[in-house]
Structures are given as C-alpha cells and as structure tokens.
Amino acid sequence: MGALITYFNVEHSLPYERLTKITTDLLGFAVSEGTIANKLTHMQRQAKGVIQTIKQHVMDAPWIGSDETGTRVAGKTFWQWVWQSPLASYFVIDHRRGYGVVREHFTENYQGVICHDCWSAQNNTKAGDHQLCHAHLLRNLQYAIDKERSVWAYRVQRLLRKSQRAREKIWEAEVSQKFREAMIQSYQETLDALNRLPLTQPEERRLQKRLIKHKDWIFTFMAYPDVPPDNNSSERAIKAAKLKDKVSGGFRSVPGARRFAQLLSLTQTLRKQHLPILATLTAIFTDSDCAISFH
C-alpha cells in the first residue's frame, strides 16, 4: 500500500483527495489523507540512504545538467531544482533561487562538466568545466534574427549548429587527438572573430556580450564524446517536477514539498536505471536496509 501511494502521489502527482477516492474504488475502503501522509513520510525515512546514494551518484558523474523552475508552497513562491546525469536525478525544493542552494544541497566540489542555461547560480557552480545550453542560445539568436534581422546572429547560429555536427565527426575512431584539438580551436577562433565585430542592435549586442563573457563554455562539449551541447535532459527532468503544479497547484507545506522532491529523486532515478519502480518501492518501504544496485 505504501509503495502504491508513493507511486501515484510522486510519479503521477495525484493529490491526497484523489488518492482517497482511488483506494476506495480499488480496495473497497477509503485510506484517509492522514494515513497517506504517514505512508509517504515512512517511505521518505526508509529511502534516506538510497536518496543519499543517488545524490552521490550524480556528484560522481562525468557530466551533469542542472535546471530550476518556480513552484508554489503554502501559497508562496519556491524553486524546484534538479541536478541530473544520464543515470540519476537529484531534486530539491527551496525558497531560494541563488547560489546558496547549490552550496547547501549539492556540492562546491563537482569535478565533471555541468550543462546549464546560464542562470547565475549554475554559472557560479564550481565544476571541472561548463557547457552553456545551445538550445537556449539558438532560440535567443533566432529572436535577434527575427526582430533585428541580425546577420551576426545568423552567422553565430550557423556556427553552433555546425559545431554539433562536427563533434560527431571528430570523435570517430580514425580521428587523431591532434586533429580534434585543432578543429575545436578553429571553432573557438571563428567565434572570437564574430565577437569582435561591431554591432548596433540592442538584442544582438546583448547576446554578443554574453558570448564574450562565457566564450570558454560554448564548445566544451566538443572535447568530450558524450557531453551534450544542450541542457534538454534537465528540462525534461524538471518537467516531471512541474507536473505537480499542473495537477495539484503546488504544495500545502514546506515539509511536504521537500518530501516530494526526495521521493521524486528516487522514482525518477529508478526509471533511468530501468528498475521496476513499484517492486523496488515495495522493497524499500518494508526494509530500510534494502540494497539497490545502480549502474
């Protein structure tokens, strides 16, 4: 019962009232909202060790993505955060949107590549390297093209798209490290040349300023065979958290919101690991020492 309640409440964002109706239909008797809350709290307590393992799994990943989005908690604006790798997702809900959340809930000692959309907290995250999301940059450049007919934005946009295709080529087996480094350098030099061009329109100048400031974070992905040029996987992850707002309108309490984030870390990681979600939740619910083998 506890595993099923967790699955419906966290993975499908069903509120307590609807869960009470579902249990009535399925079991022939209603499980009270208080009992539902107690079951979720018990699952949170049982899964504490597994969730800590998930966080460590993300911190040890060679590359991760991070994103954040607003949510409502007890009638106030809070922020849902995610740090995620291909095999694990770690969620947090906090009233802050600044770097303090990274310091408190994640780490200041990440050694891999972090992909993000240029929000200041992610910009300030200490990491082995950074990759700015090409998808965001391409959209912003398109806006400058549409609004200002910016030739500069068009040329930068073409350069970014070309770099994505080139990365696949330069990591083919027969390509030497020396040639790979030369190709990456050529893209960097082309971008530097574009950023030296005098611009007159406000939107293109704003984008040029950003590219100059973060010039070393544009082609990071080319130096790795598997780091993505975008942060799309984090956006998909945060949509799973955002579903709660669409279905329930947010959270009633801060403890409930934070419990949801922890349990979402669990269910979303189980999904990424291709582990049976309901069976694994049942094992954790009944045994806090349940060993979960992650890839």
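Reader: How many salt bridges does a search of the whole structure find?
Author: This is a predicted model, in which local features need pLDDT of at least 70 and side-chain atom pairs count only at pLDDT 80 or more, while totals for chains, interfaces and linings use all residues. Residues are numbered from 1 along each chain as its sequence is written, and side-chain values use heavy atoms, with hydrogens and water left out. With a salt bridge defined as a side-chain nitrogen of Lys or Arg within 4 Å of a carboxyl oxygen of Asp or Glu, the search of the whole structure gives a total of 12.

Reader: What separates K21 and E17 along helix 2?
Author: K21 and E17 form a salt bridge whose closest N and O atoms are 4.0 Å apart; helices here are DSSP runs of H or I with at least four residues, strands are runs of E with at least two, and both are numbered from the N terminus. Because the two residues lie 4 residues apart in helix 2 (residues 16–27), the separation between K21 and E17 is about one helical turn.

Reader: How many residues apart are R139 and E235, which link distant parts of the chain?
Author: The side chains of R139 and E235 meet in a salt bridge at 3.9 Å, N to O. R139 belongs to helix 7 (residues 134–148) and E235 to helix 11 (residues 232–248), so that the pair links distant parts of the chain, with a spacing of 96 residues.

Reader: Is E203 buried or exposed, given its relative accessible area?
Author: E203 and R206 meet in a salt bridge at 2.5 Å, N to O, and the two are 3 residues apart in helix 10 (residues 202–213). On a scale where buried means under 20% relative accessible area, exposed over 50% and partly exposed in between, with a 1.4 Å probe and protein chains only, R206 counts as partly exposed at 37%. E203 has a relative accessible area of 13%, which means that E203 is buried.

Reader: What is the area of the nonpolar surface patch that includes L278?
Author: Patches are made of residues with over 30% relative accessible area and no salt bridge, like charges being joined within 9 Å and nonpolar side chains (Val, Leu, Ile, Met, Phe, Trp, Tyr) within 5 Å. L278, found in helix 13 (residues 277–286), is partly exposed at 38%. Together with M1, L4, L26, L27 and F29, L278 makes a nonpolar patch of about 530 Å².

Reader: What is the volume of the largest pocket?
Author: On a 1 Å grid over the protein atoms alone, a pocket is an open set of points where a 1.4 Å probe fits, with protein on both sides within 12 Å along at least five of seven lines, and lining residues have an atom within 4 Å of a point. Grid points are joined across faces, edges and corners, and a volume is the space filled by probe spheres set on the points. For the largest pocket this volume is about 310 Å³.

Reader: Which helix gives the most to the lining of the largest pocket?
Author: The lining has 17 residues, and the closest to the pocket centre are Y16, K244, F251, R252 and R259. At least two lining residues each come from helix 3 (33–46), helix 11 and helix 12 (254–272). The most, 6 residues, come from helix 12.

Reader: What share of the 295 residues of the protein counts as buried?
Author: The protein has 13 helices and 5 strands, and its C-alpha atoms fill a box of roughly 70 × 45 × 35 Å along the principal axes. Of its 295 residues, the share that counts as buried is 51%.

Note on methods: Accessible areas come from the Shrake-Rupley method with a 1.4 Å probe; for residues, only the protein chains shown count as cover.
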